[in-house]
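Please look over the sequence and the structure before reading on.

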Amino acid sequence: MAAVFLVMLYEYSPLFYISVISLCFIITAAMVLGWFGFDVPVILRSSDDAEPFSSAPEKRMVQVTNPFSLELETTTASVTEGVTLRPECLEECVLTCFWGCGIHALQLAMQSHQHGPRLTTPQLLQEALHFQYYHCQSFIIDKENKEEQFTQIPADLGFKDFGPMPRERYPLVAVLTLAEPEARGTYNIVANVTVVHVPDDKNRLSARVLFQYLLTAQGSMYELKPLFMSTENEGSSEATESTSGGGEGSEAQAQGPGEEAEEDPELEDEWLEVQGKDCVVCQNAPLNRVLLPCRHACVCDGCMPRLQHCPMCRAFVMESFVLSQRPPAEEEEEQEEHDEEEGDE
């Protein structure tokens, strides 16, 4: 019967015949691939085909305190007009600004921190850079002082730009270090290195932070990266700062002063904002998980084991980490509530 039907289709329209055969082949191939465990688009899968899968592993985190925070004023920043920085520290610290810092020199200096003397003072950093910068300017930052600091390359040096792309120097590298030797033994994080792009005549891209690193007393280096979360009542996402481990295998969230960062460090006022948001999946429990590698903070602990893809961007979830550790009893109670809701549905 099927053969007679196909013959009739072919006599009626060869093109339509070929289309039907191709569609049947695609559906059959998708079913076979899905049966053997290969990933196929969700639209081709049956809703009843919910096979159990292993949830993404949880990334181990270690809590540390980040004594540094640095914000950049971007509206008026330029090479000729200077840059305004807003540092904030838990202890008295030193803000050192290196204008025209060599890219290769900075890379070697960061490597020397991992394999040689720790870069705990501006003097040690200057020596590690081999003085490959155009101008250096330092400021003493009092404890918990949020006063803005203005830095500018001297006009008599005659620099209006740092040459055509690609460049051999960063426009500005701002480094925060602890001023008191006693404080350096208190905190695991001993320096904050921020690489800043500053617009000039050759590159008018607006001022922004290119990279930000935390250096630890053990010689590790962690790159700060943003976390993304959904905005309330909107479909877009907003970024909040967080840290990704660049030295050893653990991941860290970037926090400002007084925040507890996980060996990947995080910010207290930003964490309060995160606490006020609900999971985008169940819309009930507070979000407490960050998905990797996309870095979306969008789901709760209860929904996490059921996810293979990020609900925000549909990227595969390779790992996740928690924003706040909670008592086991509380986690079990939330899991039971999720199970009950699924049973009611």
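A residue counts as buried when its relative accessible area is under 20%, as exposed when it is over 50%, and as partly exposed in between. The model discussed here is predicted. Tyr170 has a relative accessibility of 14%, so Tyr170 is buried.

**Aromatic pairs**

Seven aromatic pairs are found in the structure. One of them joins Phe159 and Phe162: the ring centres are 6.4 Å apart and the planes lie at 10 degrees, so this pair is stacked. Phe159 is partly exposed, because its relative accessibility is 26%. Phe162, at 11%, is buried.

Tyr170 also takes part in a pair, with Phe211; the centres of these rings are 6.4 Å apart and the planes are at 70 degrees, so the geometry is edge-to-face. This pair links distant parts of the chain, as Tyr170 belongs to strand 7 (residues 169–178) and Phe211 to strand 9 (residues 208–216), 41 residues apart. Phe211 has a relative accessible area of 29% and is therefore partly exposed.

The two pairs are set out below.

| Pair | Distance between ring centres | Angle between planes | Class |
|---|---|---|---|
| Phe159 and Phe162 | 6.4 Å | 10 degrees | stacked |
| Tyr170 and Phe211 | 6.4 Å | 70 degrees | edge-to-face |

One aromatic cluster is formed by Phe98, Phe131 and Tyr133.

**Surface patch**

Leu23, Ile27 and Met31 make a nonpolar surface patch of about 310 Å². Met31 lies in helix 2 (residues 14–35). With a relative accessible area of 57%, Met31 is exposed.

Terms used. Residues numbered from 1 in each chain as written. Predicted model: local features only at pLDDT ≥ 70, side-chain atom pairs only at ≥ 80, totals over all residues. Heavy atoms only, no water. Patch = residues over 30% accessible without salt bridge, like charges linked within 9 Å, V, L, I, M, F, W, Y side chains within 5 Å. Areas by Shrake-Rupley, 256 points an atom, 1.4 Å probe, with all protein chains shown as cover. Salt bridge = Lys/Arg side-chain N within 4 Å of Asp/Glu carboxyl O. Helix = DSSP H or I, 4+ residues; strand = E, 2+ residues; numbered from the N terminus. Buried < 20%, exposed > 50% of the residue type's maximum accessible area, 1.4 Å probe, protein only. Phe/Tyr/Trp six-rings, centres within 6.5 Å; stacked < 30°, edge-to-face > 60°.
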